[in-house]
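Morning, everyone. I'll take you through one structure today, starting with its ligands. Have a look at the screen first.

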Amino acid sequence: MNIHEYQGKAILRKYGVATPRGAMATTREEAEAVATELMGAGATGVVVKAQIHAGGRGKGGGVKLAKSAEEAADLAGKMLGMKLVTHQTGPEGRIVHRLLIEETLPIEKELYLGILVDRAEGKPVFMASAAGGMDIEQVASERPDEILKQYIDPGMGLEPFQARKIAFALGLKASQISAAVPFLIGLYRAFLETDAALVEINPFITCTDGRLFALDAKLTFDDNALFRHPDLKELRDVSE
Ligand code: ADP
Ligand code: MG
């Protein structure tokens, strides 16, 4: 089962994984109210993000930056109800019913993080790459050496030394390693405790002021384990 980005980010926050401030909106008015609140709380701009169960929204016109709440409202008005076509939706596209309005962050670098189960190894594998923000399938096929794979012992979980290894492989600065370790361990705990099949953060960003954020979030749950998670079942969007 797939969920929306805004729902995935709410789950990640419970595990101490930093995400941009923001909220979901289903109307132009709601979008304007969220943007007004964010700008009042110090955001320099907001991002209007279409919530559909497919990636590639940025290139397809489903992620737009606004400098003011009025501009965000206009963008929201245009995006709601539109048919968004991305390389993952197929030509029929998806109708946009929900938006995530969140603060714009000063991106320094876009990195990649992914956790999934490697069935051949019988273990979860944490994947990390400095080549974030782009199509990871393309990186995997053309430059596979740019993806670090860290296998995780299911009994031990992601250990701090492994988290440090991932952080160094991503080229994080010494001053960012101490924040990266609980971030990565939190991400793994979210994967484990929700019985996820996939947790993908693309991009995981560093900001010009040094902070780290999950800027996008894709969570897919194992349908066979959903009976253990009545709260997650509630997140299903039947229109998708
Ligand atoms: P998708 O993967 O569907 O294209 P993303 O959430 O990854 O959607 O957003 C696409 C791009 O938009 C990101 O790689 C980033 O460059 C930019 N972006 C997204 N959210 C923000 C934000 N809060 N602040 C600044 N830039 C953002
Ligand atoms: Mg993305």
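Let's begin with a term. A pocket here is an open set of grid points with protein on both sides within 12 Å along at least five of seven lines. A molecule sits in a pocket if more than half of its atoms lie within 2 Å of the pocket's grid points. One caution before we use that: this is a predicted model.

Now, where does ligand 1 sit? In the largest pocket. Which elements give two or more residues to the shell around ligand 1? Strand S2 (46-50), helix H3 (57-60), strand S6 (99-103), strand S7 (107-118) and S10. In total, 17 residues surround ligand 1. The closest are Lys49, Arg57, Gly58, Glu103 and Glu110.

Take Lys49. An N or O atom in the Lys49 side chain is 2.6 Å from an oxygen atom of ligand 1. For the side chain of Arg57, the distance from an N or O atom to a ligand 1 oxygen is 2.7 Å. How much of ligand 1 does the protein cover? On its own, ligand 1 has 550 Å² of accessible area, and the protein covers 83% of that.

Keep Asp216 in mind. We meet it again at the metal. The magnesium ion is ligand 2, and it is coordinated by Asn202 (O) and Asp216 (OD), at 2.1 to 2.2 Å. Asn202 lies in strand S10 (residues 196-207), while Asp216 is in the loop between strand S11 (212-214) and strand S12 (218-221), so the pair ties together parts that are 14 residues apart in sequence. Are these two buried or exposed? Both Asn202 and Asp216 are buried.

Two more residues, quickly. First, Thr194. Find it in the loop between helix H7 (174-193) and S10. The relative accessible area of Thr194 is 6%, and buried means under 20%, so Thr194 counts as buried. The Thr194 side chain reaches the backbone oxygen of Ala190 at 2.7 Å.

Then Asp135. Look in the loop between strand S8 (123-129) and helix H5 (136-142). Asp135 has a relative accessible area of 26%, so it is partly exposed, between the 20% and 50% limits. How far apart are Asp135 and Gly56? In sequence, 79 residues; in space, 8.3 Å, C-alpha to C-alpha.

Methods:
Residues numbered from 1 in each chain as written. Chains lettered and ligands numbered in written order. Predicted model: local features only at pLDDT ≥ 70, side-chain atom pairs only at ≥ 80, totals over all residues. Heavy atoms only, no water. Donors = N, O, S within 2.8 Å, 3.2 Å for Na, K, Ca; no water. Helix = DSSP H or I, 4+ residues; strand = E, 2+ residues; numbered from the N terminus. Buried < 20%, exposed > 50% of the residue type's maximum accessible area, 1.4 Å probe, protein only. Near = heavy atom within 4 Å. Polar contact = N/O pair within 3.5 Å; in protein donor to acceptor, adjacent residues only side chain to side chain. Areas by Shrake-Rupley, 256 points an atom, 1.4 Å probe, with all protein chains shown as cover. 1 Å grid on protein atoms, 1.4 Å probe; cavity = no way out; pocket = protein on both sides within 12 Å on 5 of 7 lines; lining within 4 Å.
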